[in-house]
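Hi everyone, thanks for coming along. I'd like to walk you through one model today, so please have the viewer open and follow along with me.

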Amino acid sequence: MSRIELNNVMKRYGSVEVLRDINLDIQDGEFIVLVGPSGCGKSTLLRMIAGLEPISGGDFLIDGERMNDLRPRERDIAMVFQSYALYPHMDVARNMGFSMEIRKDPVAERKSRVEAAAKTLGLSALKDRLPRALSGGQRQRVAMGRAIIREPRAFLFDEPLSNLDAALRVEMRLEIARMHQRLGATMIYVTHDQVEALTLADRIVVLNGGDIQQVGTPLDLYERPANKFVAQFIGSPTMNILPTSSQPTGLGLPNGGHLAVPAGSQIQQVSELGVRPEHIDIVTTDDGDLTGVADVVERLGSDTNIYVQVDGVGSVLVRRSGNLSVKTGDRLGLHLQRDSIHLFNSGGTRLVHGTV
């Protein structure tokens, strides 16, 4: 497989810049996931790598070779789209091997590769079926098999599971993870689904407004987000953000509470505090950093989500394991776990983690 480098890559449509100074070094065999809100440029970046969109500036290299001006078929990259794009009149085997067929590769070699890909993806018993006789998950497996057979330098995935229902998404997510383990291939995957990003990626690239906000492992982004955008984008449910005020010995909370902060913690720059719903404990009102009234209680079986209307703040989400005996209207105390608090300045940059 291959190492991919993006050096100061940019994309313009006329005078509008949609991607700016994208710098990314993808190691051989690495699984990279691009995430971000709609319009952030993640699919555009993937299409630029594939050669489906021209690069407006910078350099795109595979194993040190500049790819900017090469046509898509010359880049030796396979792409799996959101749409399966299977030929309806061809059976599974021919759909998977059609790229070799049009290249006039030897029949024996084509058959061997189809057999190997079908075995890898659990399609051996379905090779004679037409696409209309397949489920959505099976069709997506065929599309992935078509990519595998090419034995490309890298695989690109553009939201391949978006058309599947929840159960099939889980099944196919596991299939893609297994495929990466078996092939050891370089893969770049675009999604808006956090679960896909957190479970599949070796590293996640978070994009917003055409810029890379942070690159890191799933745990890096969850535990040490670079800024408020990443903090709220990664993690489900999203992080709670509370306004704070600096005081001589710490931080003031909106309800008049106080958090002691060690010396040298840049408290003069802190304007907001972030804490994830799973890092808030329910305590007595006398022991709470914040107090409020349970507004909505969601019982999920394994977890309980409690939306608490906190005095002077508004809604704060608390997530606790198991089925808590909390009812709507209960008055609660909330304790913020000190080693899981994030502090942000007025520009949204994280200043301190784990020192409150």
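How many helices and strands are there in the protein chain? The count is 8 helices and 22 strands. Please keep in mind throughout that this is a predicted model. Along the principal axes, the C-alpha atoms of the protein chain fill a box of roughly 75 × 45 × 35 Å. Of the 356 residues in the chain, 49% are buried. If you take the contacts with a separation of 6 or more, 64% of them are between residues 24 or more positions apart.

Let's start with a sheet. Six of the strands, or 6 if you are taking notes, form an open sheet with mixed pairing, in the order β6-β7-β8-β3-β9-β10. Its edge strands are β6, residues 77–80, and β10, residues 211–216, and each of these pairs on one side only. From one strand to the next, the twist averages 20°. If you zoom in on β6, you'll find it running parallel to β7, residues 154–158, with 4 bridges joining the two.

Helix α1, residues 42–50, touches β3, β6, β7, β8 and β9, and its direction makes about 150° with that of β7. Helix α5, residues 166–183, also packs on the sheet; it touches β3, β7 and β8, and its direction makes about 165° with that of β8.

That takes us to the interior. As a reminder, in soluble globular proteins nonpolar side chains tend to be buried together. Which residues have the most contacts inside the largest nonpolar core? They are Val35, Met96, Met144, Phe155, Phe157 and Tyr189, in a core of 43 residues. The element that gives the most to this core is helix α4, residues 136–149, with 6 residues. Apart from this core lies another, of 27 residues, with Leu19, Ile55, Leu156 and Leu207 among them.

Stay with Met144 for a moment. Leaving aside residues up to four places away in sequence, Met144 touches Val80, Leu121, Phe157, Met172, Glu175, Ile176 and Met179.

As for which elements contribute, β6, α2 (residues 92–102) and α4 each supply at least two residues of the lining.

Next, a hairpin. Strand β18, residues 303–310, and strand β19, residues 314–321, pair in the antiparallel sense over 8 bridges. There are 3 residues between the two strands, and Gly312 in the turn has a positive phi of about 80°. The bridge partner of Val310 in β19 is Gly314.

I'd like to finish with two residues. Thr291 sits in strand β17, residues 290–299. Is Thr291 buried or exposed? Its relative accessibility is 15%, which is under the 20% limit, so Thr291 counts as buried. Beyond its sequence neighbours up to four places away, Thr291 touches Asn255, Thr285, Gln309, Val310, Asp311, Arg331, Leu332 and Gly333.

And then there is Ser346, in the loop between β21 (342–344) and β22 (350–353). With 72% relative accessibility, Ser346 counts as exposed. Ser346 touches Gln269 and Ser271, again not counting residues up to four places away in sequence. Ser271 is 75 residues apart from Ser346 in sequence, and their C-alpha atoms are 5.5 Å apart in space.

That's my tour, and I'm happy to take questions.

Key. Residues numbered from 1 in each chain as written. Predicted model: local features only at pLDDT ≥ 70, side-chain atom pairs only at ≥ 80, totals over all residues. Heavy atoms only, no water. Core = buried A, V, L, I, M, F, W, Y, C linked by side-chain atoms within 4.5 Å. Buried < 20%, exposed > 50% of the residue type's maximum accessible area, 1.4 Å probe, protein only. Contact = heavy atoms within 4.5 Å. Pairing = 2+ DSSP bridges. Axes fitted to C-alpha atoms, helices over the stretch in contact; angles between N-to-C directions.
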